[in-house]
Amino acid sequence: MKRQLHVGLLLLAAALGLGAQTPAPAPSGANPAAGPGVDFRLELDLEYQYRFRTEERLIEASTVKNGIDLARSFFDRPPFARLLLRGTMPFGFGAVAEVALRDQWTGDYFRTDNLPVIGVEGDPVRFENFFISKAAVYYDSPLFNFHFGREKPDYNGILYGGLLPGTRLPYLDAVKASGKIGRMKIDWLVATIPAIKSWDGQDVDPNKGTLPAGAAYYGFESEPGSTNPNPTTIVEGMNRFSWDLGRVTLGVTDHAMMARRNNRFYITDFIPVISRHQAAVSQTNNSMVFDLAWEPLDGLRLAAQAGFDDINASFLGVDDTGSPTIDAYVAGLDYGCRTALGPLKVKAEAGYTHWLWGNYDGAEIWPNDQNPFLRFQYRYLADSGGLLLPLTSPYGPGALWANISGRLELEGLGLELGLDFQYLTKNDEANLIDTAVLDNTTTAGAHGTQFVSIALPLRWKAGFWEFSARPELAMVDGDPWLELWLGSAFRLR
């Protein structure tokens with residue numbers, strides 16, 4: 001802890017020093033000290049946020065959660081300090097590193113600010129010690145891109161709540177590449193997700209199901225009291241093919257989660273132009289996502305996705321398993337224009353996920369080796385353990401939502417006015433931990449919690465400084481409360 005604390009403080013000191021000494025950019029936009037043609041970027045954020053609530057209410061009151069309140073209380077709260085360094089050579093090679101210092105997650109959903117707690121015995125400045133949020137090298141060109149390292153994924157375009165890895169996730173540790181062949185583009189991704197147990201102990205049973213006497217096929221990393229000498233490696237793979245037809249882009253994606261006994265993997269798990277489903281390798285959770293993006297006119301973008309975790313073919317007369325067709329859909333728009341007052345931006349999105357979306361665990365396919373690590377679950381490494389978020393949807397299985405937001409910038413005043421509206425219905429018994437896939441006759445009809453939120457965010461920028469306020473009216477199942485977020489930030493670019 002002390003060593004990591006010293007590293008964090010040194011990085012902050014270095015950032016402040018760089019910020020004070022960085023000269024004005026040359027007319028070309030390049031940093032002369034970095035070399036001819038080198039694009040060097042430094043970003044430093046120091047930010048404080050305070051939240052006031054008239055009532056402490058969670059959206060998910062159930063014991064097993066889907067990360068909805070965790071996202072609102074922790075991941076949507078800005079780090080109190082962030083430093084990013086990026087350098088790109090003229091021929092496309094570059095590197096990026098980012099440190100994001102956050103207050104330590106202790107299970108308190110209702111912390112009033114984002115500052116680290118000072119003076120805790122044995123931990124004088126309590127913040128998350130795993131603070132590297134980006135660390136990657138890359139090569140980018142018009143026809144081919146290759147990235148290796150830790151970065152925030154972005155495969156959903158304008159759909160924040162899309163069905164593929166997207167910007168709502170903190171990061172992925174991955175190798176990814178993309179290339180163009182005429183109008184066709186191929187995206188390829190292989191990532192590892194650490195099998196770290198949830199911070200609150202509410203997690204899957206790695207060896208659920210019928211096993212030979214004394215067998216332990218799967219296990220968490222460094223689980224207290226574990227007798228499994230071979231913890232599980234979880235691998236995420238994605239092959240996406242898209243076609244650029246001008247203002248319309250069509251795409252199809254094979255997205256997979258893989259976790260195997262004895263961590264055995266095959267070359268077919270990683271080939272960019274193969275269907276893992278057709279490769280006939282057992283214990284692979286495949287999701288197929290079709291997407292459409294359309295720009296009917298300048299400033300307006302439309303997008304939609306349709307995903308299938310499983311398709312029950314019994315309607316064709318095929319003797320299929322007892323699992324129903326598991327589907328999900330998301331659609332949205334992004335519009336921007338200039339008004340007499342300044343730039344206006346509007347976003348809208350609506351989505352639906354089946355109550356089993358992301359929950360396939362191998363129970364229904366030979367050799368019936370049930371493996372809940374196959375579920376589409378994202379695991380974030382924190383000091384307290386794993387912080388779990390749904391990987392392929394913003395709210396997990398059994399959700400129906402609609403989000404609308406607008407921003408109007410008043411030019412010359414540095415002022416931005418906004419409006420955010422959210423409606424969410426969430427099945428209380430549908431989650432990625434203990435929802436049964438086969439012979440489940442109760443979850444579909446479970447109670448759905450309804451959440452509504454209306455907020456009026458306000459932001460004012462003056463030079464390096466930024467001040468914000470966000471009054472919000474929230475309501476769960478008809479019970480309202482008020483929240484007020486106040487923030488102040490220093491941003492150096």
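In the predicted model, Tyr378 is in contact with Leu169, Pro170, Tyr171, Leu172, Leu387, Leu388, Leu389 and Leu391, when residues up to four places away in sequence are not counted. The largest nonpolar core comprises 58 residues, and the members that touch the most others are Leu70, Phe373, Tyr378, Tyr380 and Leu387. Helix α2, spanning residues 68-75, contributes the largest share of this core, with four residues.

At the level of the whole protein chain, the secondary structure consists of two helices and 23 strands. The chain has 493 residues, of which 48% count as buried. Among contacts with a separation of 6 or more, 63% are formed by residues 24 or more positions apart.

Trp188 is located in strand β9, which covers residues 184-194. Trp188 counts as buried because its relative accessibility is 18%, under the 20% cut-off. Beyond its neighbours within four places in sequence, Trp188 contacts Tyr155, Val175, Lys176, Ala177, Met238, Asn239, Phe270, Ile271 and Pro272. One of these residues, Asn239, is 51 residues from Trp188 in sequence, yet the C-alpha to C-alpha distance between Trp188 and Asn239 is 4.8 Å. With Phe270, the side chain of Trp188 reaches the backbone oxygen at 2.9 Å.

Methods:
Residues are numbered from 1 along each chain as its sequence is written. This is a predicted model: local features need pLDDT of at least 70, side-chain atom pairs count only at pLDDT 80 or more; totals for chains, interfaces and linings use all residues. Side-chain values use heavy atoms; hydrogens and water are left out. Buried means under 20% relative accessible area, exposed over 50%, partly exposed in between (1.4 Å probe, protein chains only). Contact means heavy atoms within 4.5 Å. A polar contact is a pair of N or O atoms within 3.5 Å; within protein, one must be able to donate a hydrogen and the other to accept it, and residues adjacent in sequence count only if both atoms are side-chain atoms. A nonpolar core is a set of buried Ala, Val, Leu, Ile, Met, Phe, Trp, Tyr and Cys residues joined through side-chain atoms within 4.5 Å.
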